[in-house]
Amino acid sequence: MAIFRRLLGFLRPYRSGVIWSFVLATLAMVASVAIPWLVGRGIDQVRAHDHTGLRNYGIAVAIAGVLSFGLSVARRLVAGRVSLGVEYDLRNTFYAHLQALELGFFDRQQTGQLMSRATVDLQGVRFFLGYGLVFIVQSALTIVLVAAAMILMNPGLAALALIPVPFVVMIAQRYGRRARPAAQEVQQRIAELTAEVEENISGVRVVKAFAREERQLGRFAGTTQRVFDQAMIATRLQAYYNPLIGFLPQLGLAVVLLIGGRRVVNGSMSIGDFTAFYTYLLRLLSPMRSLGMLLGMAQRATAAGARLFEILDRTPRIVAPNGAPVLPEGSGAVRFEHVTLGYEGQDVPALHDVSIDVPAGRTVALVGATGSGKTTLVQLLPRLYDPIEGRVLVDGVDVRTVATASLREAIAVVDDAPFLFSTSVRENIAYARPDATFEEVEIAARRAQAHGFIEHLPEGYDTRIGERGLTLSGGQRQRVAIARAFLADPRILILDDATSSVDASTEQEIKTALREVMAGRTTFVIAHRLSTIALADEIVVLEDGELIAHGTHDELLELSDLYREIVEKGLPDQVFLTRNPVEREVAGL
Amino acid sequence: MTSAEGLSRRDDLRRRLRGTSGRGRKLRGLVILLRPYRMRVIAMFVALVVGTAASLAPAPLAQQAIDNGILAKDISTLDWIVVAFVISGLLVWVGTFFQTYLTGWVGQRALQDLRLQIFTHLQEMPVGFYERRPAGVLISRMTNDVEALDSLVTDSVVTLFQASLTLIGSIVILLLFDVKLALITFLIFPVMAIGSLLFRIASADAYRRTRETIGRITAYLQESLSGIRVVRAFAQEPRHVGEFAALNDLNRDANMVTVKLNAAYFPAVEFVSSLATVLVLIFGGAQAIDGQVTVGVLVGFIAALNGFFDPIGQLSQLYTTYQSGMAALDKIFELLDEQPDLVEPTDPVTLPQPLHGEITFDHVTFAYRTQDGTKLALDDVDLNVPPGQTVALVGATGAGKSTFAKLVARFYDPTEGRVLVDGIDLRDVSSRALREQMGIVPQEGFLFSGTIGDNISFGNPEADAAALEDACRAVGAWDFIDRLPEGLDTQIGERGVQLSAGQRQLVAFARALVADPRILILDEATSNVDLHTETKIEEGLRRLLAGRTAIVIAHRLSTIRQSGRIVVLDGGRIVEQGTHDELLEAEGAYFSLYRDWAQQAAA
């Protein structure tokens, strides 16, 4: 019920629309009810052989028809606007909320699940709030009015005839209680299905590479079967309760025929009253039947609403305090103070008591085995995650105390598999600053060594990048990502394995690009190749989330066994170094 | 107006007249979907007819009760009729129960079949197909569009037949009452037909647009949620919220057009009905006054009119569901009609089990299709890889290395020339049979949600835990897996985000090892693995490569040096090949690549 009330809250901006659609619906109902009455009067004129009267009533029927037409058109327009408005608002609210949630939330959510909520679930809510609600109110009102008329006419018989009504209400309620969880589970399983479809489409290369189509199809068949099973549970409830709700009022009719009929026979009731009474009861039938259907609709909407609120109620965990100041001007000094961080669901902390002090403008290489916490550490800077213990300071300010947007504007990330949007190359480069001029975009691309290949694309900077930028090679994507970081003009730059997926000659270009972008910024480099590590002023060695060594290349060769091992085992990569001793000196190796 | 404009206008009108394209095809499609369940469909119709007939009974029974029971003061007849009345109610109950249940069953089953059919079809499409389409749009076909069909199948079928039955019955009743009045009433049909035609012309595009806009919303959601890290890192949330709102706006506008059309159409149907009533009243009334028909007939006729107009109203209501369901079906069939570019052989040649693993490129040329023409990726490549050899492909970005690998896996077919495995043209074998003996480790290790163990046994579900552990040890993945809370049974989040890129790659290696393929393709597979780990998995890599034919695209010298042969590609051509030492001796393209390397690494 709480969910229901909250859903109604979304109607608040459309209060006047809701009232109008109710008023219009009632008026249209009156106009269409008037038609049979007017026809009846017209037939009276026939009996009276009155041609003019007949024509007049004919015209009156036509007028009532026109009125009902106009009112219905107006009601549909108003109700449609309300229902689409609610859908629009809900979807925007939902999306905006997703954008406000912290990254950790998405680690544990399947994209398809969220998509299902924003489309399938939302439509259920829309239909109910836009159309269903007005009809529920209308049906309920009709029932109350007709019941009142019956009671006024013959309280005794009315009481008998209306006996089924409380049962209908009770059963409808019971139906609601049982149907809501069933409907919610259907929605949940449809969301699972969406998630599975999404995963199979994203991972299609792996499926094909291993020729596992049949297995995936088998799994998907299982998922569709789960949807089917649950839909059948809901259908069975519907099949059981709906006709029951329709049947009970008919018992009322039977009672009227039986008891009322006897009264007419023994003369305690006029046949006219009896007919009227019976007609009234007939009028109850259709609102009661549709009430059952509408309640089902309400259940689905409430179930869908519950799933939306589940997300909307999840408060963002990474938020800046109200009125947080923007990140003060600075040149990008970074301090990690006793930082500890664990991911949800993992026992071992990803980082343990890490402290690093990086003066502005320095370049720090993070070195360590796969899973040692390098990426986790740099993700703390733009506050993609918050540490459990310790603090992260940028230019002397705890990142948790400043406006998150201002913090992130000061930091740019280029990672190993850069994600590009399926828009034009230009828009991708200007991602952080959509207002950038074309000249600025081009300069960024030139400095990122991307201008050359972009010019050769079919439509240059306006070339749309295919789904997830698949039409660009790894090295090209990387350079677009570097240009993107360039244009963002950050004071802190994070290069997460940014040169891993490119070949030697391209890496040369990317290195040139990186050096350009690194100039005058504090830079964190996560690298597996000594050649990239060589870009750094100092090196931090991580192992199992702990900082085990920190210093220059030469210092670490002395101090750290692990580093020495990395350097030595990495030797195959540096055969050339021995061949080019001069350049080797430049590299500081 | 030029004649060309006139022509295109006429074509447009014709297209809109047809409403949605290939209606016959779609109806046939629906019939085919329902065919396996025809016994249930028949049972459903029986229940439907019984329920509908029983629901018509109360009115005449009540009439009987009044005339023969109450007015005739015959209490026992009254009682019997009331009993019949209650029985008819029970029949409605039972009929509705079965009809609801069976409709739900058949409808859900048909939708399940349709989903599976789309899924199977998508799986048959080659990789190139996915590169041209946003994932979200494909997802929307299987979710939003199937949902739209759901309401068509479950709600509308019943109404359609109930209303049609009632309509036919009413037509008969009206004709029995008075032919002339009935014919006047039937004047409504041409008017309705013209109205419905206009409605269809106006709404054909409107419903298609609602399907398209919801598809775009889905696609946008999918992309911006997949790229959420980038969005966060650059603090561009407000912008995405704005862009999303704009798409949402388009969807609302598209829906608003249908709301407006419906707002005009349905009340218009009611209005035409009330006009027909007026005609009957005035014309029939005049006749009754003149004594040509009895008042009783007129009253009965007007009473029967309701039975005629109600189903017409219901049927017109149905038309929306029908339109939107058909638009959805249109989109679904559009997808199902897509033919894979890669044609599977009808009579595939059986591959040797196991393969020897000889790969031959016979004058292979390959060009990608782009928006404007083609882009040459491989140009007349001739190469023979003997079984068991490891070939390293070397060359600058865009030299054609990945294309080479994709042709071996038959993700694409060559534009010219042939790719042969064990002397058999790949176009003559089923790609599934080929890939069952082939392992591919891509650059980005894509993992499915589920446990790590599930992912590693992906290519060979029969592998037991010990085999998985062995594979993990061999590729150096065991260290970190063993430390996870539940080892191999640890669930990994959406796309395994909780693993680092390097860890995902190690899992992908183990996955390839467990699949035990004859031919192995490593596409820049070691680039995400750090040196420390790589040296540890060197032995594993060697085991992985031993006895298999392998195509390795790598940037690591260590990996390249190990391979039996190095093939240097440039601009889609083979410019050089040989062993590491031979090529260095030759001081050709490899040598200069090598020098670049030296310089960049040193710089």
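In chain B, residues 24 or more positions apart account for 79% of the contacts with a separation of 6 or more, a contact being two residues whose C-beta atoms, placed from the backbone, lie within 7 Å. This is a predicted model, in which local features need pLDDT of at least 70 and side-chain atom pairs count only at pLDDT 80 or more, while totals for chains, interfaces and linings use all residues. Residues are numbered from 1 along each chain as its sequence is written, and chains are lettered from A in the order in which they are written.

**Confidence**
- The model scores ipTM 0.80 and pTM 0.78.
- Chain B has a mean pLDDT of 81, with 89% of its residues at 70 or more, where pLDDT is the predictor's confidence in each residue, from 0 to 100.

**Make-up of chain B**
- Chain B contains 22 helices and twelve strands, taken as DSSP runs (H or I, at least four residues, for helices; E, at least two, for strands) and numbered from the N terminus.
- Of the 603 residues in chain B, 50% are buried, that is, with 20 or more other C-beta atoms within 10 Å of their own.

**Helix packing between the chains**
- Helix 3 (residues 51-100) of chain A packs with helix 11 (residues 237-289) of chain B at an angle of about 165°, their axes being 8 Å apart.
- These two helices are therefore roughly antiparallel to each other, a term for angles over 145 degrees.

Methods:
Axes are lines fitted to C-alpha atoms, for helices over the stretch in contact, and angles run from 0 to 180 degrees between N-to-C directions. Angles under 35 degrees count as roughly parallel, over 145 as roughly antiparallel, 65 to 115 as roughly perpendicular and the rest as oblique. A residue is buried if 20 or more other C-beta atoms lie within 10 Å of its own, exposed if 12 or fewer, and partly exposed in between; C-beta atoms are placed from the backbone.
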